[in-house]
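Please read the following note alongside the sequence and the model.

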Amino acid sequence: MISLSNIDMRFGQQVLFEGVTWQLKTGAHYGLVGANGTGKSTLMKVMEGTQVPEGGTVSRPNALKLGTLGQDQFQYDTLPLLDVVLTGQPKLWAVLHEKEQLL
């Protein structure tokens, strides 16, 4: 489970979010929706630990793997969707490609 407690983040004078408290439970599915520039990507970076919030605390299990895709919508246009998703699991991706070669 990822737990956010009173997370604050701003860029310059622009407040992206204040006092965000959210618990994401293991095995559940979530969607994060909002207009451009409202802090969705920043919040994801805070959850994955690549950005430190200005205030509040983030708790997540040490063994947690949080997979995200970058914002470049054309970066993966030439790849099948399964390949893109499995880049987070390199051993499984390699085995599946080996299987394709054998077939």
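The points below go through the hairpin, the charged residues, and then the helices.

1. Basis of the note. This is a predicted model, in which local features need pLDDT of at least 70 and side-chain atom pairs count only at pLDDT 80 or more, while totals for chains, interfaces and linings use all residues. Residues are numbered from 1 along each chain as its sequence is written, and side-chain values use heavy atoms, with hydrogens and water left out.

2. Ile2 has Leu24 in E2 as its bridge partner. Two residues lie between the strands of this hairpin, where Gly12 takes a positive phi near 60°.

3. Asn6, which is in strand E1, has a positive phi of about 55° although it is not a glycine. Its relative accessible area is 45%, so Asn6 is partly exposed, given that buried means under 20%, exposed over 50% and partly exposed in between, with a 1.4 Å probe and protein chains only.

4. The salt bridges. The whole structure holds two salt bridges, each defined as a side-chain nitrogen of Lys or Arg within 4 Å of a carboxyl oxygen of Asp or Glu. In one, the side chains of Glu18 and Arg10 meet at 3.0 Å, N to O; Glu18 is exposed because its relative accessible area is 53%, whereas Arg10, at 28%, is partly exposed. In the other, the closest N and O atoms of Glu54 and Arg10 are 3.2 Å apart. This pair links distant parts of the chain, with Glu54 in the loop between H1 and strand E3 (55-59) and Arg10 in strand E1, 44 residues apart. Through shared partners, the salt bridges join Arg10, Glu18 and Glu54 into one network.

5. A buried threonine. Thr42 is placed in helix H1 (residues 40-48), and it counts as buried because its relative accessibility is 10%. Apart from neighbours within four places in sequence, Thr42 is in contact (heavy atoms within 4.5 Å) with Met9, Phe11, Leu16, Phe17 and Gln51.

6. Which side chain of opposite charge is nearest to Asp83? It is Lys99, 12 Å away, and Asp83 is buried yet has no salt bridge; for charge, Lys and Arg count as positive and Asp and Glu as negative, with His and the chain ends not counted. Asp83 lies in helix H2 (residues 81-86) and touches Trp93 and His97, not counting residues up to four places away in sequence. The side chains of Asp83 and Trp93 are also joined by a polar contact of 3.4 Å, that is, a pair of N or O atoms within 3.5 Å, where within protein one must be able to donate a hydrogen and the other to accept it, and residues adjacent in sequence count only if both atoms are side-chain atoms.

7. Helix H3. The 13 residues of helix H3 (residues 90-102) should span 18 Å at 1.5 Å a residue, which agrees with end C-alpha atoms 18 Å apart; the expected span is 1.5 Å times one less than the number of residues. H3 is hardly covered, as the count of buried residues among its 13 residues is zero.

Technical notes:
Helices (H or I, at least four residues) and strands (E, at least two) are DSSP runs, numbered from the N terminus. Two strands pair if DSSP finds at least two bridges between them.
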